[in-house]
Amino acid sequence: MSVIVIEHLARVEGHGGITVELEGDAVTNVRFDVFEGSRLLEPLVRGKRYDEVPPILSRICAICSAAHTLTSLKATEAAFGIRVSPQTELLRELLFRGESIESHALHLFLLAIPDYLNYPGAVALAADKPAAVLLGLRLKKLGNRIQETIGGRAVHPVNALVGGFGKVPALDQLIELRSGLLQAAADADAAIDLMASLPAADFCHSETVYAALRSPHLDSYYLGDEVMVVTDGNRAIVPASDYASLTNEKAVPHSHAKHSSFRGSPFMVGSLARLTVNPRRLTGKLAVAMKRLKLSLPADNPMDNNKAQALELINDVERALEIIEQLLRDGIKDERPMPVQPRAGTGTAITEAPRGLLIHSYQYDADGCVVAADVITPTALNAASMELHFRRGVEQCAEREEAVITKRLQMIARAYDPCISCSVHLVRR
Amino acid sequence: MGKPTVGIFGLTGCAGDQLVILNCEDQLLDLVALIDIRDFLMASSENRTDCPLDVALVEGAVLTNRDAERLRAIRQRSNLLVALGTCAVWGGVAALDRGADRSQLLEEVYGEAGHGYDSSHAQALREIVRVDLNITGCPIEKEHFLAAIAALLNGDTPVYPSYPVCTECRMQENNCLLMERGLPCCGPVTAAGCGARCPDLRVPCIGCRGPMADANPVSLLEVLEQKGFDRRQAAARLRTFAPEGVA
């Protein structure tokens, strides 16, 4: 038996590795090892008042901190029966878009693209191709500016509260964001050019099950309470209240991330899943860009998630602009958060973090203190699917040279854009 | 003299402080021209894991034996060790469990599988090794990181505010959330440096930068009690980010 071990994955968030065991040419075992320490944040919010929960659980992960915050708010508001204003919903969607732009730009330009061009990282890439890195940094900065303007800070937003916002952005701040977004449209197009010019990553094919938020607005990361699972053309719907049937999480000894499956199959969440579940988004500029990237859906190659992220960059910039136009048209109102009246009960929220489905579910007592909290993150949902694709990647690799296999495995891992801090989370049974 | 060699490391945490470094979009390429980053796993797959370093920047808390071993190894190879962010400086939110039965928490969450996990109480870096400079914040402020690099390049050490968030808030002439609106604001005991970001947005300070030196939490607890808060819960609130810093 031979063993291939990637001790510590580079250019991903958090601490994880990959182990592959081979018997001759046959793959006998594949593991995505997660050794990120367990912070046990979910049991630690027990007894905390509702206003303390979002900032604590936001610390699960910095890169997805806006998504964690907003999903937390949505779950608490569901538990207390609070309906926020349409303006708050728009501002929250805008905050999601800012996070998605920042996160996708960071992942594509600083972490993933160096692989395709055989660079160890963005610093080395910048020495030879500064324009590519600067393009990524510009988009990333724009995403952060949106998060700073709406959320009050780029990492761990402070301005989003149960019921609304501390302070809504001023008119001139929105106008400034609009001009930034208008300039970014060209950058998002340039990102497609760059992606289209990369060598094909064609070394892992597998039938894949996809899951994403089914939103009444087709194109929302925030609104909606159902998950759609697409298997081989068949569609199944899972309501938020029944999220356990989607995840079927089980703890495994080699990983601090629990593994998920839907009706026995691992499934993939994230950009590629979102486009697969909501294909009606893919019109106009997006349809043209999709052709240029030679992407067809449903895809059978997990590496296509990088293409899907590039498409979402275009879409996020367009959607953020639409939201700002609407806010400017309606006139931004200096709203205060809705009054909060805690009550005993349970609230579950499902949203789309940059890396895919994110679920927060809380049980509260009558004073508005947490009795139980459960958080299911995209990277935890993806863990079983990643292992499946690692296995396919090794099986389909004609060369048995370790360096080739190792590089492919790392590229597959990075295509998932794993966020390992996120994946380490604790679920009460 | 050549460029100073630097390593950037994350122990257990949210990677937020490393993200703040990557968020210096306008300075990043200039920065990598001034310093020689030898080891930065989050950003590069070619790292020198054994070379001596002039400066090690370490974020996150120590939660596993693996974390502790990595930290000792980093200390050994580094001239200066900088704790980056509230988790590294104080323990951070993961240290909320001090006093709880960790094995029970693990079992509750992971079931039987939890018994074998490498996992212990969150510790700040200074509880394991000598730390030369603390840059607090959850996450750190971009400007504080850049100031530290600039100072270190000039053989200097950066100076951060020694007063509370309250002072910064007053300088901005905000109405007091604590005294006037009775909100649970941690501004009087929390280290400044954020420009009173939260109270400036009418959001009470949650203490994410950890306590300032010479904080008087007892007096704040008395005020909170007068405002109708349960003393035990209020004290727990003050300890959210720094278990030992505040009474």
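Okay, let's start in chain B: B:Pro139 is in the loop between strand E5 (133-135) and helix H6 (142-153) of chain B.

Before I go on, some housekeeping. This is a predicted model, where local features need pLDDT of at least 70, side-chain atom pairs count only at pLDDT 80 or more, and totals for chains, interfaces and linings use all residues. Residues are numbered from 1 along each chain as its sequence is written, while chains are lettered from A and ligands numbered from 1 in the order in which they are written.

How confident is the predictor? For the complex, it gives an ipTM of 0.95 and a pTM of 0.95. Chain B has an average pLDDT of 92, and 97% of its residues score at least 70; pLDDT is the predictor's confidence in each residue, on a scale from 0 to 100.

Back to cis bonds. Chain A has one between A:Leu297 and A:Pro298, with omega about -5°. A:Pro298 is in the loop between helix H10 (284-292) and helix H11 (304-330) of chain A.

Now, positive phi. Most residues other than glycine have a negative phi, and most peptide bonds are trans. B:Glu173 isn't a glycine, yet its phi is positive, near 60°. You'll find B:Glu173 in the loop between helix H7 (165-171) and helix H8 (197-200) of chain B. Buried or exposed, then, for B:Glu173? Exposed, because B:Glu173 has 6 other C-beta atoms within 10 Å. The cut-offs, with C-beta atoms placed from the backbone, are 20 or more others within 10 Å for buried, 12 or fewer for exposed, and partly exposed in between.

In chain A, A:Asn118 is also a non-glycine with a positive phi, about 60°. A:Asn118 lies in the loop between H4 and H5 of chain A, and is exposed, with 10 other C-beta atoms within 10 Å.

A:Asn118 follows H4(A), so let's look at that helix: its 31 residues should span 45 Å at 1.5 Å a residue, and the end C-alpha atoms are 43 Å apart, which agrees. That expected span is 1.5 Å times one less than the number of residues. H4(A) does bend, by about 35° at A:Leu108, the bend being the angle between axes fitted to the seven residues ending there and the seven starting there. It's mostly covered too, with 26 of the 31 residues of H4(A) buried.

On to the interface. Here, 52 residues of chain A are in contact with 49 of chain B, contact meaning C-beta atoms, placed from the backbone, within 7 Å. Helices of chain A that each supply at least two residues to that side include H4 (86-116) and H5 (122-128). The largest share, four residues, comes from H6(A).

Last stop, a pair of strands. Strand E9 (residues 345-353) of chain A is mostly covered, with seven of its nine residues buried. What does E9(A) run antiparallel to? Strand E10 (residues 356-364) of chain A, through nine bridges; strands count as paired if DSSP finds at least two bridges between them. A two-residue hairpin connects E9(A) to E10(A), and A:Gly347 sits opposite A:Tyr362 in E10(A).

Definitions and conventions
Two residues are in contact if their C-beta atoms, placed from the backbone, lie within 7 Å.
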